Amino acid sequence: MNRAVRILLIILGALGVLGLVMAIAFASVTQSAFPDVDGETVLALPDECQNPTGAEESLCVALTGHGLKAPVHVLRDKNGIANIYAENPEDLFFAQGYVHAQDRMWQMEFWRHIAQGRISEIIGEPGIENDKFIRTSGWNRITAANMAYYEKELPEAMNALTAYSAGVNAYLVENKDDIAISQRILGLVGDPWEIEPWEPSDSIGWGVVMAWDLGGNWSEELQRAKLYDLIGQEATDELLPGYPYDMRPVIAPTSDFMTAIAGRNGTAAAPATDWSRISTDLIGEPPAFALGTGPFLGSNNWVVSGEHTETGLPLLANDPHLGIQMPSIWYQVGLHAPGWNVTGFSFAGIPGVIIGHNDRIAWGVTNVGPDVQDLFIEKINPDNPNQYEYMGEWRDMNVIEEIIKVNGGEDIVLNVRETLHGPIINDVLDDEQPDALAMRWTAATDPSRILQSVLLINQAENFDDFREALRYWENPSQNFVYADLDGNIGYQMPGLVPIRGSGEGMVPVPGWTGEYDWTGYIPYDELPVMLNPERGYIVTANHAVVDEEYPYFINRDWASGDRGQRIVDMITSTIAERPITADDFAAIHTDSRSFRAESYVPLLAGLSSDNADVRQALDLLSGWDYQERTDSVAASIFEIFYMRLAHNILADEVGEDNVSDAYSTIFFHQLAKDPAAHWWDDTSTPTTETSADILLKSLDEAVAWLKENKGDDMKSWTWGSLHTATFASTPLGESGIGPIEAIVNRGPFPVDGGSDLVNANNWSWDEPAVVTSHPSMRMIVDMSNFDASRWVIPTGQSGHPYNPNYDDQIELWLTGKYLPMLSSREAVEAAAENHLILQPEN
């Protein structure tokens, strides 16, 4: 062996040793936060609590007097799904808090900083604008008001919140310096921040975030106002039409209601407004939400009575469509104690189960999307910026000082100004734009008792109990479907929906007259409710809850009804031939048929082109089944064609930057049937274009786009090559630093589905076709045998990268498969691979 070879081997050996050392160190760092899931753990106050200092002191104080009373058993299966068995409810919620913290403490830590408007304390300067918006909107103040209400009026809920918080803190007192690898990495690039004790208000705060994200329509008011100013109200109302009641289903027809309806809203046309006087520059920037946003966002649930099922008892399904993320927004859990036997999906940070079943009933939810936020135009006193006009007199604003602490930076002082309608949300005023925008929101007006509602739902035994529990569910309003062991199926819409003196809250309204103020809420007993409708099934997919006979205004801008119609079609076609099964429900979950394609692909049939690639595209579309599957080239061609079509129809009228704001699936379905509509003409050209001209132009552009972005080989233009899901962790997964993102993120993965489809893997035209929101879980509950029920989340139970349960459900979710949703003690014990016993201090 010559000298050069020996030197090379020595170098390679050294590098190998170095690589091994680094790998061991990396493994040690990444695995150090993995929780103990087997054996026995005594949850006693640690020695540090004898003479605590600094951060330990607050945790020790929070734990004192809030320990376990008896042993708790935590059984986890191979997927890390925990079933918790306790001897009393307090220990049950203590253990739920402990288990949530074991698997998801980083998620909980970041979520509570979102709720409080304290993101900057973790990530520094990039979080300032989000914190400004959150503090201005008042999430932290709403949380404080709700907390005070819980302490005074809801002792049962406070007991659960207190026990849950103690469980989280029992974990933190031993692990606060090593809750996740994200904490370590962020501590290297910024100043470490103190991990504070978990408080009941942290759980309540996440309820406020849920209410905002699932109930916010203030931005739609600004969008509509902008379009009114740009193209006028008539044209805007044509582009953004109301729900097509003649073409799409209604969730709860008035004739199916259990209760009589007596009231009626006041209505009036939108007021004439000088929009040039109003700045739409916001104070801060709304955060990109965990729950998701966007024009195609929604959820599905449905329930079919035993009259139409193979088992003779109901089947119930749910798949909420929320923002894509890592780990999943949901945590699967079973909670078992005297008076408690509930299995389903929880939020890390909140006690109880949000969606699932107990041993008597099952339920699922989708978002109603009622109009519960209004923007009021306030006239400001030119001589005093802290006064506004109301009913002919100047009133003093309430000025609140908010201090935003910034990791690595100076504190920021933010003065929030409030009128009787709510906080002023638009930025610095001047002589040209002197009017302010104040936002009124139901969650800021009245206390939210949602956590009390969750606990009561978990214990409900029949539909009357269920309805009574939902009286406490004020925000966000949801479509609840219901089934029970007696064979009943039902529906209830809860929530605070305002009654307005005038108007429907479609655009900002004058605040100084009092004319548009809220006069109350729709009475709970007059909200939509159904029990055992004659048709034998109930479907909700964010489409119109009520028909035009319902006397109150809930919303105008419902989802298009495409998903709702498709689910109804699949159910009715099946039950017309045979009993429906859980496998049929699973097929509905992953159905990817596009009604938009049904409207437009036939219009392309008569077109011709000199471009060979366009002709080939037309051939592929003509033989397509309208299913948006990963292996479909036609799906890619259609979706990019449709994207270009929307641009070509709208941009000449509303401008390039406003196409998404002016887009409506309902309008485009109507346009497909009206080839003579003036919208087909491109007003930026001297000629008058026909529908055929614009359709062919859009297809030409789609082919050119695909060639530029995917290459010349049309076979490579599969939908899965464009339509991908990446599960990104916040905030490191969005850092732009590849090696760090590779640690915490998973993907991209090709995925079926698309926007406005039942399999709602939604994407934005800003970044074709990267998934932005997705079915955040899938659940099928079999009321004849709860252990035959099915569930899946998109990622995994663990929030720790490289833990086996961090990403072990991704493949199941991608392929439309499920895990068994076990709930009986026998089935849970048979599947258990880890048994953790939490022992109280002697």
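Two strands count as paired if DSSP finds at least two bridges between them. The exercises below use this rule on a predicted model.

**Exercise 1.** In what order do the three strands of the open sheet stand, and which are its edge strands?

Solution. 
- Step 1. The order of the open sheet is 11-12-13, and its strands pair in the antiparallel sense.
- Step 2. An edge strand pairs on one side only, and this holds for strand 11 (380-381) and strand 13 (393-396).
- Step 3. Strand 11 pairs with strand 12 (residues 384-390) over two bridges, and the pairing rule asks for at least two.
- Step 4. Within this pairing, Asn 381 has Asn 384 of strand 12 opposite to it.

**Exercise 2.** Where in the chain do Arg 141 and Glu 402 lie, and are they buried or exposed?

Solution. 
- Step 1. A salt bridge needs a side-chain nitrogen of Lys or Arg within 4 Å of a carboxyl oxygen of Asp or Glu. Arg 141 and Glu 402 meet this rule with an N to O distance of 2.8 Å.
- Step 2. Arg 141 belongs to helix 6 (residues 139-153) and Glu 402 to strand 14 (residues 398-404); the pair links distant parts of the chain, 261 residues apart.
- Step 3. Buried means under 20% relative accessible area, and both Arg 141 and Glu 402 are buried.
- Step 4. Arg 141 and Glu 402 also belong to a network of salt bridges that links them with Arg 135 and Glu 418.

**Exercise 3.** Which parts of the chain does the salt bridge of Arg 535 and Asp 256 tie together?

Solution. 
- Step 1. The closest N and O atoms of Arg 535 and Asp 256 are 2.6 Å apart.
- Step 2. The relative accessible area is 26% for Arg 535, which is partly exposed. Asp 256, at 25%, is partly exposed as well.

**Exercise 4.** Which strands hold Arg 500 and Asp 374, and are these residues buried or exposed?

Solution. 
- Step 1. The side chains of Arg 500 and Asp 374 form a salt bridge with an N to O distance of 2.7 Å.
- Step 2. Because Arg 500 lies in strand 20 (residues 498-500) and Asp 374 in strand 10 (residues 373-378), the pair ties together parts 126 residues apart in sequence.
- Step 3. Arg 500 and Asp 374 are both buried.

**Exercise 5.** How many salt bridges does the rule give?

Solution. The count comes to 37 salt bridges.

Definitions and conventions:
Residues numbered from 1 in each chain as written. Predicted model: local features only at pLDDT ≥ 70, side-chain atom pairs only at ≥ 80, totals over all residues. Heavy atoms only, no water. Helix = DSSP H or I, 4+ residues; strand = E, 2+ residues; numbered from the N terminus. Buried < 20%, exposed > 50% of the residue type's maximum accessible area, 1.4 Å probe, protein only.
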